[in-house]
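Q: I am new to this structure and would like to go through it step by step. Could we begin with its pockets?
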Amino acid sequence: MFVLELTYTAPLEAVDAVLDAHVAWLDEQYAAGSFLTSGRKNPRDGGVILAVAEDRARIEEIAAGDPFVTAGVCAYRVTEFVATKTAPGLERYREPVD
């Protein structure tokens with residue numbers, strides 16, 4: 001499992017100019033089963049995405065396709081973690097501890 005932290009690198013006007021394309025990209029990732037939840041940070045200087053994928057390389061490939069990235073308005077920080085406990089309904093994402 002991965003936590004994707006987005007940090008805006010451009011003024012909000014530039015971010016908002018790409019927002020519709022970013023939301024469409026988010027919808028694609030939800031449909032593909034890659035994203036579990038997402039939202040804006042408060043204060044609004046970026047966002048957070050909880051994601052799943054077979055490996056970090058795949059997550060980095062997905063993030064690179066974000067219109068925010070291709071437009072140069074945000075940077076990603078990717079944190080991989082082992083989800084050993086989950087809320088009900090997320091049991092299928094639990095991972096055994098090695």
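Q: Which residues lie nearest the centre of the largest pocket?
A: Of the 14 residues that line the largest pocket, Y8, H22, L26, G39 and R40 lie nearest its centre. A pocket is an open set of points on a 1 Å grid over the protein atoms alone, where a 1.4 Å probe fits, with protein on both sides within 12 Å along at least five of seven lines; lining residues have an atom within 4 Å of a point. This is a predicted model, in which local features need pLDDT of at least 70 and side-chain atom pairs count only at pLDDT 80 or more, while totals for chains, interfaces and linings use all residues. Residues are numbered from 1 along each chain as its sequence is written, and side-chain values use heavy atoms, with hydrogens and water left out.

Q: Now the strands: how many bridges join β1 to β3?
A: Six bridges join these antiparallel strands, and E5 has V48 as its bridge partner in β3. Two strands pair if DSSP finds at least two bridges between them.

Q: What about β2 and β3, parallel or antiparallel?
A: The pairing of β2 with β3 is antiparallel, over five bridges, with S38 bridged to I49 in β3. A hairpin of five residues connects β2 to β3.

Q: Where does K41 lie?
A: K41 is in the loop between β2 and β3. Its side chain makes a polar contact of 3.0 Å with that of E5; such a contact is a pair of N or O atoms within 3.5 Å, and within protein one must be able to donate a hydrogen and the other to accept it, while residues adjacent in sequence count only if both atoms are side-chain atoms.

Q: Why does K41 count as buried?
A: K41 counts as buried because its relative accessibility is 18%. Buried means under 20% relative accessible area, exposed over 50%, and partly exposed in between (1.4 Å probe, protein chains only).

Q: Last one: what does T37 touch, leaving out residues up to four places away in sequence?
A: T37 touches Y30, V48, I49 and L50, where contact means heavy atoms within 4.5 Å. T37 lies in strand β2 and, at 43% relative accessibility, counts as partly exposed.

Definitions and conventions:
Helices (H or I, at least four residues) and strands (E, at least two) are DSSP runs, numbered from the N terminus.
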